Amino acid sequence: MSRIQRCFKSLASAGFFRTREDNKLQLLSHGREYAKLLQQHWTRLRPLAAHLGVTNEAINPSNIHRFSFPQSQQFRNNFQKLVKDHPRKAKCPTLLKHQSTCYAPNSNSLFGVQGPSLLLTTDFLVEPHRALEHFYNMQRESKIWWMRISSNPSRYRIVPCDLGEDLNPKDYQAIDIRSSYGEAGEVTVEQLSLVRIADDKDFRLPDARTGETVQPTVIRSVIELETATCALLLDGCDHSRDSLSLLLHRVLAPYQCGIACVESDSELSADLADLCLHLKHVLNHAGLRIGEGIGFFSTKDASHLAEHLLETDMLGIPYTLVINGQTLKNGLMQLRSRDTRLAETIHISDVPDYLFNIFKN
């Protein structure tokens, strides 16, 4: 079994996705939660954009359609909505963000995704004389974003797309940002396309610098959410560790902190359970996401604790608080890291602020 096949198997057993009979991946509960967090993270990227929400457009992100979108009615509607609902942002350069459904997601050499898929689209309307400058800047910004949320930043590369003989490079440009998994193949996580629009009196904006009315050039970014989710999950699982773990970015991990309790004295069981519930409340109040169910794991056997920590690693949980009977006496507990597999001693009074600062950075 290859390394990537082991990753697929581990992610399926952990409840992130399953492989259908047609060899397409379908997100399960943990995978859907991760996709939702990735979607929220994308929303905060380039915060000055005008957010148009979910549109009715059904995009087919193929090379044929990636340059023809300016002729679509939905694109025109989005432009009119910008001018009407966001007049202060209706200047060059400006950004539009919207989401739409794709019923035929692209396949790649590693996997296909069961449709429909949610497309996260950013339209950058720029001054025509600075279009290429903005295009290169957007490439760099997008690649850096993928590298920051990845466990292996070197995995990502920018790949220019062949335009064909019928398209003028002065009017059209296209690149893909791809995530590489060695000999197993690559996954396109984002498409960037530049289209210089022909003269159109209904599609004009004032230049923010000069005030002169110009015909914007459009740079479009398209991310298939489900495809990107599966690619990042594989990225977190595809590493050189001797045992399986999921190295998700701590901000995007579906569950950010776990609580584990070792009950060496049965007489202290009730008090330790109350302490676990208190810690659960403290973590929730700090805005951290913790495990499902009652929110903590309890055992009387230290070997079971080791097994549980391996399970939390495969769920991508960055940190686990480990308490025992001594915690009731001195307030000290262990904070175990998924990435280093080491534990440090902290005091219960430091829990919320210490963890909040970790996840804030």
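Modeller: Arg-341 sits in the loop between β16 (332-337) and β17 (343-347). Helices here are DSSP runs of H or I with at least four residues, strands are runs of E with at least two, and both are numbered from the N terminus. Arg-341 is not a glycine, yet its phi is positive, about 60°. Its relative accessible area is 29%, which makes it partly exposed. The scale runs from buried (under 20% relative accessible area) through partly exposed to exposed (over 50%), with a 1.4 Å probe and protein chains only.

A word on the basis. This is a predicted model, where local features need pLDDT of at least 70 and side-chain atom pairs count only at pLDDT 80 or more, while totals for chains, interfaces and linings use all residues. Residues are numbered from 1 along each chain as its sequence is written, and side-chain values use heavy atoms, with hydrogens and water left out.

Arg-46 is another non-glycine with a positive phi, about 55°. Its loop runs between α2 and β3 (50-58). Arg-46 counts as buried, at 12% relative accessibility. Then there is a cis peptide bond between Cys-92 and Pro-93, with omega about 0°. Pro-93 belongs to the loop between α3 (73-85) and β4 (94-102). Why note such spots? Because most residues other than glycine have a negative phi, and most peptide bonds are trans.

Now the domains. The assignment gives domain 1 (3-238) and domain 2 (257-360); such bounds come from an automatic or database assignment. Taken over C-alpha atoms, their centres lie 38 Å apart. Domain 1 brings 7 residues to the contact and domain 2 brings 4, where contact means heavy atoms within 4.5 Å.

About 460 Å² is buried between the two domains, 74% of it on carbon and sulfur atoms. Buried area is the accessible area (1.4 Å probe) lost when two parts are put together, summed over both. Phe-16, His-30 and Leu-37 supply 58% of what domain 1 buries against domain 2, more than any other three residues.

On domain 1's side, α1 (3-13) and α2 (29-44) are the elements that give two or more residues. By class, that side has 5 nonpolar residues, 2 polar and no charged. Nonpolar covers Ala, Val, Leu, Ile, Met, Phe, Trp, Tyr, Cys and Pro; charged covers Asp, Glu, Lys and Arg; the others, Gly among them, are polar.
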